[in-house]
Amino acid sequence: MTPFTKNVIKIIKGIPEGKVMTYGQIARLAGSPRGARQVVRILHSSSKKHKLPWHRVINSKGEIGFQHDEPFNVQKLSLQSEGIEFIAENKIDLKRYQLHPDEEF
């Protein structure tokens, strides 16, 4: 496992209930500012294995990245169960819910 992958997993595991982070934000903190797509791949391949709270990772617009299908519904319901309110069908207020860790991983 690469250091970047290890950092991404650590960061995602550290997102508490009721908070979200963006793919790009995680990539920057993990050491690769342009690695947002790699964060997506890591989530896809490692969420079950590492029991990652994948539903707490969204895009930079504050939106769920999935289209209206089962993963979309699972992510939305999971976020709502943690107290996150949506301001549109698939969008949340990043100013209110985005986690901004002040330490580098």
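Author: Two residues are in contact when heavy atoms of theirs lie within 4.5 Å of each other. The structure is a predicted model, in which local features need pLDDT of at least 70, side-chain atom pairs count only at pLDDT 80 or more, and totals for chains, interfaces and linings use all residues. Residues are numbered from 1 along each chain as its sequence is written, and side-chain values use heavy atoms, with hydrogens and water left out.

Reader: How are α2 and α3 oriented to each other: parallel or perpendicular?
Author: Helices are DSSP runs of H or I with at least four residues, numbered from the N terminus (strands are runs of E with at least two). Axes are lines fitted to C-alpha atoms, for helices over the stretch in contact, and angles run from 0 to 180 degrees between N-to-C directions. Helix α2, residues 23-30, packs against helix α3, residues 36-50, at an angle of about 100 degrees, with their axes 8 Å apart. Angles under 35 degrees count as roughly parallel, over 145 as roughly antiparallel, 65 to 115 as roughly perpendicular and the rest as oblique, and α2 is therefore, relative to α3, roughly perpendicular.

Reader: Which word describes the orientation of α1 and α2?
Author: Helix α1, residues 3-13, packs with α2 at an angle of about 125 degrees, with the axes 9 Å apart. The two helices α1 and α2 are therefore oblique.

Reader: How many nonpolar residues are in the contact of α1 with α2?
Author: In α1, F4, N7, V8, I11 and I12 meet I26, A27, L29 and A30 in α2. The residues of this contact of α1 with α2 include one polar and no charged, and those that are nonpolar number eight.

Reader: Over the ring of which residue does the charged end of K76 sit?
Author: A charge sits over a ring if NZ of Lys or CZ of Arg is within 6 Å of the ring centre and within 35 degrees of the ring normal. The charged end of K76 is 5.0 Å from the centre of the ring over which it sits, that of F86.

Key: Ala, Val, Leu, Ile, Met, Phe, Trp, Tyr, Cys and Pro count as nonpolar, Asp, Glu, Lys and Arg as charged, and the others, Gly among them, as polar.
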